Amino acid sequence: MVLEGQWGHQPGVAITVNSGSRISFSYAGERLQLLFDTDGLTVAPHLWITVDDGEPVLHVIDGPVVELSAPDGRHRVEVVVKDVNEHANRWNPPFECAVVFAGLVLDVNARLRLSGRPSGPRIEFYGDSITQGVRSLSVHPESEGADGTTTYAYLTARAFGATSYQVGFGSQGISKPGNGEVPAGVDSFGWNFAGSPAERVEPSDVVVLNLGVNDPTLEVEEYAAYVRRVRAAYPDTTIVSLPPFNGKHADTIEAAVKSLDDPNLVYIDSTGWITEDDCTDQVHPTVSGHAKIAENLIPALEEHTTLRRV
């Protein structure tokens with residue numbers, strides 16, 4: 001079994017508060033149950049579950065058991081977090097919304113298949129509601145309108161065959177706290193959620209930053225301090241700085257990047273990759289809007305980093 005993305009652990013459970021996080025495994029048999037701890041949650045998270053080559057099926061996790069069945073044989077299962085609601089507390093335990101995975105129950109004749117650690121590069125994305133996938137499907141302000149699997153971050157990671165850490169919090173900025181009790185970007189970096197340090201098996205190859213649109217004001221030193229915090233965690237990783245897609249604070253962010261004089265820090269001007277017409281509400285990209293961003297970002301990453309499309 002492989003957990004991909006920003007997962008924290010407590011006794012007996014794995015927890016994520018980030019859309020785009022994944023669970024994948026294979027089994028031989030017919031039936032199994034996915035178990036979730038939903039005690040205390042007031043808003044149900046949304047998951048996509050895919051078996052083999054079937055279409056993803058939406059599951060709203062308002063109860064502790066999800067039943068899966070397929071014809072007897074070997075099967076691949078992928079569980080992807082579509083959305084963890086941005087408005088409910090998802091930072092300070094006990095959570096109002098989170099995916100709390102408690103394991104599998106296999107049918108008596110079923111067997112879990114062993115999986116190796118994923119190959120390929122590792123990419124981390126840090127952003128706000130756009131990286132989360134808020135309102136990508138529609139202007140609906142809750143999880144019905146959001147889908148982390150439609151985002152530029154998810155699409156870019158898949159294009160490179162990468163293990164991805166997709167960290168997006170609605171309304172968050174560099175110095176501005178996000179919704180759902182999430183602290184500012186400079187304070188939340190390095191944490192899965194409050195009290196749970198984000199630990200990596202090995203450093204990521206590339207870290208992509210796309211924060212700033214929610215900051216009313218942003219100083220060069222504020223952004224530089226955030227990047228220095230990321231650099232302290234990853235001394236040798238290529239860091240890619242993207243200004244907001246509407247160009248807000250772009251000059252400040254570019255100046256901050258130049259001030260750091262870091263050969264492994266890259267500024268890619270993403271201003272104008274999308275327009276208001278590519279958004280559901282003039283701010284949040286549509287599904288096609290996210291695809292446009294990915295179509296620009298993928299070749300830019302190939303130019304400035306070691307990443308290559310698969």
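How many positive and negative side chains does the protein chain have, and how far apart do the centres of the two sets lie? There are 22 positive and 42 negative side chains, with 6 Å between the two centres. Keep in mind that this is a predicted model.

Now for the overall build. The protein chain holds six helices and 16 strands. Its radius of gyration is 19 Å, close to the 19 Å that the globule rule gives for 310 residues, so the chain is as compact as a globular protein of that length. Here are some overall values for the chain:

| Property of the protein chain | Value |
|---|---|
| Span of the C-alpha trace along the principal axes | about 60 × 40 × 40 Å |
| Residues that count as buried | 54% of 310 residues |
| Accessible surface | about 13000 Å² |
| Share of that surface from carbon and sulfur atoms | 50% |

As for contacts with a separation of 6 or more, 74% of them come from residues 24 or more positions apart.

Let's zoom in on helix 5, which runs over residues 250-260. Its buried residues are Ala 250, Thr 252, Ile 253, Ala 256 and Val 257. They sit on the same side of helix 5, because they cover an arc of only 165° around the axis. In general, an α-helix has 3.6 residues a turn, so residues three or four places apart point the same way.

What do the buried residues of helix 5 pack against? Their partners are helix 4 (220-233), strand 15 (238-241) and strand 16 (265-267). Over on the other side of helix 5, Asp 251 and Lys 258 are exposed. Just past the end of helix 5 comes Asp 261, with a positive phi of about 50°.

Definitions and conventions. Residues numbered from 1 in each chain as written. Predicted model: local features only at pLDDT ≥ 70, side-chain atom pairs only at ≥ 80, totals over all residues. Heavy atoms only, no water. Buried < 20%, exposed > 50% of the residue type's maximum accessible area, 1.4 Å probe, protein only. Helix = DSSP H or I, 4+ residues; strand = E, 2+ residues; numbered from the N terminus. Arc of directions from axis to C-beta. Contact = heavy atoms within 4.5 Å. Rg over C-alpha atoms; globule rule 2.2 N^0.38 Å. Areas by Shrake-Rupley, 256 points an atom, 1.4 Å probe, with all protein chains shown as cover. Lys, Arg positive; Asp, Glu negative; His and termini not counted. Charge placed at Lys NZ, Arg CZ, Asp CG, Glu CD.
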